[in-house]
Amino acid sequence: MADFRHDLWFGAFLTPAAKDAHPLVRQAVLAEDLGLDIIGVQDHPYQPSFLDTWTLLSVLAARTQHIRFFPDVASVPLRPPAVLARAAASLDILSGGRLELGVGSGAFWDGIAAMGGERRTPGQAVAALEESIEVLRALWTPGEPVAFDGEHYRLRGALPGPFPPHPIGVWIGAYKRRMLELTGRAGDGWVPSSAYAAPSELAAMSAVVDRAAEDAGRDPALIRRVYNVSGRFSALAGKGFLQGPPSLWAEQLTELVHACGMSVFVMAPGEERDLKIFAEEVAPAVRQAVGRERPRAVQPVARGPLDESTRPRLPKRDLSALPAAQQERGLHLVMIHDQLRQELTQIRDAVEQVAAGRGEVAALRSMINQLTMRQNYWTLGSFCASYCRILTVHHTIEDERMFPALKSAQASLAPVVDRLQEEHEVIAELLTGLDAALVAMVEDADAIDGVRERLDVLSEALLSHLAYEEEELVEPIARLDLDL
């Protein structure tokens, strides 16, 4: 268990009491003004003294500009997933991509049944939630009408849409083994609360999530760990969790980042003063403490100039389900990329041949060999320069034609496309560096080592970039009717 190096978020956990409607709005605005990152609102539709969570979230989003929101967590037995998908996508659109979706399998079954919901066994509740997640993602993905025939939910050709402008994270409220395993298999986040999962229990619960993710072929680091917390600020430390001065809070939350990978802390404020202390004293102290440790943890596993861990990723659809002609359209991108990969390999081979030849020149000290090797260096430089032009043209075509067409056809692709364009800029800088190394090599044969180093960096970045682009774009290119 370790810090997964997610950005640290701090937020407020709000109870949607109808009698406190206006103070709730004031708290949300204050949370944003204080620089907090997220607001969670609990969802209990059977509670007559509560405001409806989705109505409240919409109002809070309209009164703020930057802070994120999530239902903490939505009662799926009373919110059919097909309707929930449209509600979540709509709020994400209206808020400018500021929604994450917390979901739960159900609690307080008497209240759910009283509202007309189905009373489920624990096993049925987990199975129904897993189906609901499939429905959500299917309706957030552009394509053909969706047919889904589950035990608890069915779609009869429902049309996907609207489409959220950013990949909405599905965060699962989970405590017991089956729900934790579902989180590992299918969740983008895990949401326990300190009232039901003590800090001492988190490591074992998180380990269940990790094992389930690995068994499903997923990286556990992709799953955000969100902890709803409550406590009391006081001058002296008391017994229990988060009972004492802000420095104690910061120490205990920092330990949860390092020990359990928690990265989002959502506090239930007793009063506005608590929110200010949390935002102005606790959050900065945790960020500073974690930041002091992260460089030592991150540096040895750095993977070159592209940060793969922060890449946006979308829910995936099966390419093989599309007609053969559409599949071929998507796989054309892979064919182009394969040519770039092959030429990159040829460059590497040429560099090694030149390096081996340089050793021969030093041994034989032959003027002829030196002249021949000089020609070899010039040839290598010409070959690399030609490849750089090819790669630059390929990226220019993508930036000016393909990427705008994809964003226009499917709005949810925008974060991926924007990231790919950013990576094109990084790769362009690496190409410039390689070109500079080639110029130095022509003037000084010993500079071949500099070419090798530059080529290693370029290769790692480019191969990672091409794989990411294929993972995210081959299926949409195949499915969407793009004017390219």
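**The packing of α3 and its surroundings**

Modeller: The crossing of α3 and α5 is right-handed (a crossing is right-handed if the near helix is turned clockwise from the far one by less than a right angle, and left-handed if anticlockwise). This is a predicted model, in which local features need pLDDT of at least 70 and side-chain atom pairs count only at pLDDT 80 or more, while totals for chains, interfaces and linings use all residues. Residues are numbered from 1 along each chain as its sequence is written, and side-chain values use heavy atoms, with hydrogens and water left out.

Helix α3 covers residues 81-95 and helix α5 residues 122-139, and the two pack at an angle of about 45 degrees with their axes 8 Å apart. Helices here are DSSP runs of H or I with at least four residues, strands are runs of E with at least two, and both are numbered from the N terminus; axes are lines fitted to C-alpha atoms, for helices over the stretch in contact, and angles run from 0 to 180 degrees between N-to-C directions. α3 and α5 are therefore oblique to each other, since angles under 35 degrees count as roughly parallel, over 145 as roughly antiparallel, 65 to 115 as roughly perpendicular and the rest as oblique. On the α3 side P81, A82, L84 and A85 take part, and they meet S132, V135, L136 and L139 in α5, where contact means heavy atoms within 4.5 Å. These residues divide into seven nonpolar, one polar and no charged; Ala, Val, Leu, Ile, Met, Phe, Trp, Tyr, Cys and Pro count as nonpolar, Asp, Glu, Lys and Arg as charged, and the others, Gly among them, as polar.

Helix α3 also has α2 (residues 53-62) as a partner, with axes that come within 10 Å and cross at roughly 10 degrees. That makes α2 roughly parallel to α3. W54, L57, S58 and A61 of α2 make this contact with L84, A87, A88, L91 and S95 of α3, and by class it has seven nonpolar, two polar and no charged residues. L84 belongs to the contact with α5 and also to the contact with α2.

Between the strands β3 (68-71) and β4 there is a loop that holds V73, and the peptide bond joining D72 to V73 is cis, with omega about 0 degrees. Another loop, between β5 (101-104) and α4 (109-114), contains F108, which has a positive phi of about 55 degrees although it is not a glycine.
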